Amino acid sequence: MRRRQRRQARRPARLIPLAGWLLAGGSLASDPAPTQSDFGGAGLWQTPTARMAEEGELSFTANRTRPYSRYNVTMQPLPWLEGSFRYIAVTNRPYGQPSLSGDQSYKDKSIDLKLRLREESRYLPEIAVGGRDLGGTGHFGSEYFVASKRFGPVDASLGLAWGYMGNRGDISNPFSIFGSRFDRRPGRDELPDTGGEFNSATYFRGAPAFFGGISYRLPSRPLVFKLEYEGNDYRSEPHDNDQAQRFPVNLGVVYRIRPHLDLSVALERGNTAMFGLTLHTNVARRSEPAKVLDPPPAVRESAAGRGADTAQVDWEAVSRALEDNAGIRVSRISRRDAELFVTGEQTRYFYPAKGVGRAARIVGNEVGGDIDWFTWVSTREALPVAETSVELSRFDALLAHDIDLDEFRRGVERNPPLPRREHVLYRADPPRFSGGWSLGYSQNIGGPDAFILYQVSAGYQAEYRFRPDLWWSGALNANLLNNYDKFRYTAPSRLPRVRTLVREYLTDSRITMPQFQLTASRRLGTDWYGLAYAGMLESMYGGVGAEVLYRPFGERWAVGADLNWVRQRGFGQDFSFRDYEVATGHVTGYFDTRYRGINVAVSAGRYLAGDWGATFDVSRVFANGARMGAYATFTNVSSRDFGEGSFDKGIYLSIPFDLLQPRSTVNRARFVWAPLIRDGGARLSKRYTLYTLTEDRDGDLFHDNLDRIAD
């Protein structure tokens with residue numbers, strides 16, 4: 001009788017245009033997302049409301065109100081938290097010296113946060129507090145409280161704003177009861193020149209102004225009319241760029257052309273037209289398109305048509321079928337008593353349950369009644385990660401609709417791979433060499449040379465396996481199309497130039513070798529994993545390193561450490577080196593908070609410039625695998641030595657390609673917005689990390705999508 005103890009349950013790219021993906025699908029028309037303000041985020045025109053989109057909402061907004069062009073991305077990782085980042089082009093002010101920036105207009109980047117303090121009830125409004133342009137130059141910095149209440153199709157809002165949105169200064173500051181420092185808001189020239197830091201010395205300072213308005217959604221038409229009173233009088237615009245305002249009322253209409261596409265037209269300041277476009281979708285609710293390019297699952301045969309003797313099965317043919325149909329690249333098939341084990345790596349299906357269900361059909365058709373359980377031993381780069389076991393009789397009952405999914409769960413187990421005595425039925429001899437071509441796109445946004453610097457490249461990636469746990473991997477890239485001839489700016493630095501020489505690495509050679517690496521993996525114990533590597537580890541650094549990870553199965557935490565000695569590579573990304581070398585490494589703790597999919601990672605150690613500090617990464621992971629996150633790094637480098645930005649930080653979005661394509665894939669698209677490339681807080685960009693390689697140890701993706709086992 002089978003006895004088992006139950007247990008509880010690549011490489012980052014720069015932010016690339018989201019418009020094409022957003023057009024591919026959107027929010028459900030039955031529950032429309034709130035319309036966006038000119039600055040991004042749920043709002044009227046120039047001002048926010050207290051409304052929040054559904055968690056998982058993602059919006060891209062572009063609009064023009066002379067002399068400003070605004071480009072905003074807004075994310076809703078939690079039902080009570082909204083975040084936006086943007087670039088504002090001040091089109092009547094130059095970026096800088098014409099010798100560097102030509103005729104490019106000034107660009108201002110900023111980030112906003114809004115938190116809901118209470119939800120709307122029958123008699124009381126929804127209330128939120130927020131900040132706009134919270135750090136850096138703070139040209140458009142503002143803080144506010146706002147309340148919103150619905151009256152049928154009318155949504156009314158009223159708020160109080162400080163800073164840019166409250167420049168009219170209607171009333172004395174109510175926070176003055178806490179001290180005279182709240183009476184006056186410091187000017188930009190009075191603040192330390194530490195661009196990138198939070199401007200806390202200005203928060204809620206000075207005389208505020210009221211703002212508010214109403215929106216009216218036509219019940220039977222995709223139109224939203226918005227009327228707004230704003231608290232800015234446009235007499236204190238950044239760069240001495242004051243604008244005439246006929247009256248402080250803005251009005252216009254939003255036409256929802258499709259559930260995911262909004263067109264906005266308004267008259268603002270009483271004398272200026274505004275045109276805007278918003279693309280939005282919900283990454284949490286989004287499901288993948290029909291997989292018309294996937295093979296159909298195997299038909300489950302009746303008991304009478306199945307095999308009876310595992311010794312007579314053509315396991316090599318079964319192995320091919322498992323890879324072709326279930327996406328499992330088999331390394332071994334074995335048996336112990338009434339349980340059949342397939343050991344291998346999932347290469348096609350992002351949702352593990354889908355691959356397990358297809359594999360159970362294939363295996364179940366080959367074995368007789370003497371096999372009760374099918375177990376897939378998941379591996380990544382020869383590391384055994386997790387075992388997923390399915391009781392075949394319950395699986396048959398689920399396919400026949402004799403039991404529901406909750407009943408079927410009793411016949412599914414996940415456990416750590418453990419040593420055992422077993423009879424090996426088949427051992428694969430995988431090909432040693434593999435390789436393939438790909439197209440790549442990268443870009444830098446918001447620099448002084450040009451607003452967008454881009455590169456389109458062709459790449460060839462190859463791999464050679466000496467053993468399953470020892471392999472060489474490499475890549476060649478060819479520059480096909482770019483505008484980096486405009487890239488003339490060399491960022492100043494008081495630190496070793498470990499990252500700010502990016503211009504030289506991008507422009508020195510048309511053919512580059514970003515990676516040439518030997519890697520070895522090893523499972524060190526039941527919950528311990530190790531990795532060692534040497535070679536050209538990334539485009540800027542080569543050297544040697546090792547990583548170890550402790551990740552207890554079924555737990556919500558893990559801890560790992562890496563140590564590396566690296567040397568800076570030549571600008572041509574060949575086998576040459578420059579003089580700079582450094583020892584770098586970190587200890588990292590990973591924590592699943594068990595609250596709405598929020599994950600936290602904290603890394604402490606030494607960075608590439610020799611600075612010491614810690615990186616904090618917080619992300620929200622949705623049931624379908626999509627992720628929204630932000631990170632910040634603080635080191636012992638002063639703001640003066642770090643330079644513009646003051647500390648390293650960024651926002652990212654990670655989307656499974658499976659949500660976008662008609663063919664299943666395990667790959668992801670990662671969009672990263674980092675305001676600046678600086679030398680402080682810089683980390684080695686490794687191709688492999690143990691936490692990623694062992695992600696199957698986290699059973700959430702499997703259990704949250706168990707229904708896909710029948711696909």
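The questions below concern a surface patch, a sheet and its helices.

This is a predicted model, in which local features need pLDDT of at least 70 and side-chain atom pairs count only at pLDDT 80 or more, while totals for chains, interfaces and linings use all residues. Residues are numbered from 1 along each chain as its sequence is written, and side-chain values use heavy atoms, with hydrogens and water left out.

Q: Why is Val265 called partly exposed?
A: Buried means under 20% relative accessible area and exposed over 50%, with partly exposed in between (1.4 Å probe, protein chains only). Val265 has 36% relative accessibility, so the residue counts as partly exposed.

Q: What makes the nonpolar surface patch?
A: Tyr255, Ile257, Leu263, Val265, Phe275 and Leu277 make this patch of about 500 Å².

Q: Why are β18 and β19 said to stand at the edges?
A: The open sheet has the order β18-β17-β16-β15-β14-β19. Two strands pair if DSSP finds at least two bridges between them. β18 (412-415) and β19 (423-427) each have a single partner strand, so one side of each is left without a neighbour in the sheet.

Q: What joins strand β14 to β19?
A: Four bridges join these antiparallel strands, and Arg332 has Arg427 in β19 as its bridge partner.

Q: Which strands does helix α5 touch?
A: Helix α5 (residues 392-399) touches β16 and β17, where contact means heavy atoms within 4.5 Å.

Key: Patch = residues over 30% accessible without salt bridge, like charges linked within 9 Å, V, L, I, M, F, W, Y side chains within 5 Å. Areas by Shrake-Rupley, 256 points an atom, 1.4 Å probe, with all protein chains shown as cover. Salt bridge = Lys/Arg side-chain N within 4 Å of Asp/Glu carboxyl O. Helix = DSSP H or I, 4+ residues; strand = E, 2+ residues; numbered from the N terminus. Axes fitted to C-alpha atoms, helices over the stretch in contact; angles between N-to-C directions.
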